[in-house]
Amino acid sequence: MERVTGIGGVFQRAGEAAGLRAWYAEHLGIDLSEWGTKTFDSTPGASTTWAIFDEDTEYFGRREQAFMVNFRVADLDAMLAQLRSAGVEVIDALEESEFGRFGWAVDPEGTRFELWEPAPDG
């Protein structure tokens, strides 16, 4: 059985993303990148990213979804196949980048979550 191996990130939708990023920088000392992300190293070879997205992002699916969790997995294809075979709604799109491979599914309450298979070197 495939299992989640950790939390890769937590993503937040904001009404005024630039202002909220500045607030977190000023009050909590979290300097976010120009993409609105901050990566926190936890253990060797692992990190967790926090990000602020614009309110109109389509990345989260439903507009009223304020947060999305990114779960780390060892084998994205196997996890997505396992979810599909269990009748879970899986988004057909996949993305690949220098960071790894990404897929999405939806829990029973309609909340989209992201699955991330890190790149082999990360």
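This is a predicted model: local features need pLDDT of at least 70, side-chain atom pairs count only at pLDDT 80 or more; totals for chains, interfaces and linings use all residues.

Biologist: Where does Ala22 lie, then?

Modeller: Ala22 is part of helix 1, residues 17–28.

Biologist: And what makes Ala22 count as partly exposed?

Modeller: Its relative accessibility is 44%. Buried means under 20% and exposed means over 50%, with partly exposed in between, so Ala22 counts as partly exposed. Ala22 and Val73 are 51 residues apart in sequence, and their C-alpha atoms are 32 Å apart in space.

Biologist: Let's turn to the rings. Why is the pair of Tyr59 and Trp104 called edge-to-face?

Modeller: There are two steps. Ring centres must lie within 6.5 Å to pair, and these two are 5.8 Å apart. The structure holds nine aromatic pairs.

Biologist: Which parts of the chain does the pair of Tyr59 and Trp104 link?

Modeller: Distant ones: Tyr59 sits in the loop between strand 3 (47–54) and strand 4 (67–73), while Trp104 belongs to strand 7 (residues 100–106), 45 residues apart. Ring pairs also join Tyr59 and Trp104 with Phe11, Phe53 and Phe60 into a cluster.

Biologist: How do you know whether Trp104 is buried or exposed?

Modeller: The relative accessible area of Trp104 is 4%. The cut-off for buried is under 20%, so Trp104 is buried. Tyr59 has 23%, so this residue is partly exposed.

Biologist: What makes you say that the charged end of Lys38 sits over the ring of Phe40?

Modeller: The charged end of Lys38 is 5.7 Å from the ring centre of Phe40. The distance limit is within 6 Å, and the charge must also be within 35 degrees of the ring normal.

Biologist: Is Arg101 buried or exposed, and what about Glu96?

Modeller: Arg101 has 18% relative accessibility, so Arg101 counts as buried. Glu96 has 64%, so Glu96 counts as exposed.

Biologist: What other salt bridge does Arg101 form with Glu117, and what does the pair tie together?

Modeller: The closest N and O atoms of Arg101 and Glu117 are 3.3 Å apart. Arg101 lies in strand 7 and Glu117 in strand 8 (residues 112–118), so the pair ties together parts 16 residues apart in sequence. Shared partners join Asp77, Glu96, Arg101 and Glu117 into one network of salt bridges.

Biologist: Last topic: how much space lies in the largest pocket, and which residues are closest to its centre?

Modeller: About 710 Å³ of space lies there. The lining has 26 residues, and Phe11, Thr37, Thr49, Phe99 and Phe102 are the closest to the centre. Strand 3 gives the most to this lining, with four residues.

Biologist: How do the residues of the lining divide?

Modeller: They divide into eleven nonpolar, nine polar and six charged. Phe counts as nonpolar, so Phe11, named among the closest to the centre, belongs with the nonpolar group.

Terms used
Residues are numbered from 1 along each chain as its sequence is written. Side-chain values use heavy atoms; hydrogens and water are left out. Rings of Phe, Tyr and Trp (its six-membered ring) pair if their centres lie within 6.5 Å; planes under 30 degrees apart count as stacked, over 60 as edge-to-face and the rest as tilted. Helices (H or I, at least four residues) and strands (E, at least two) are DSSP runs, numbered from the N terminus. Buried means under 20% relative accessible area, exposed over 50%, partly exposed in between (1.4 Å probe, protein chains only). A salt bridge is a side-chain nitrogen of Lys or Arg within 4 Å of a carboxyl oxygen of Asp or Glu. On a 1 Å grid over the protein atoms alone, a cavity is a set of points where a 1.4 Å probe fits but cannot get out, and a pocket is an open set with protein on both sides within 12 Å along at least five of seven lines; lining residues have an atom within 4 Å of a point. Grid points are joined across faces, edges and corners, and a volume is the space filled by probe spheres set on the points.
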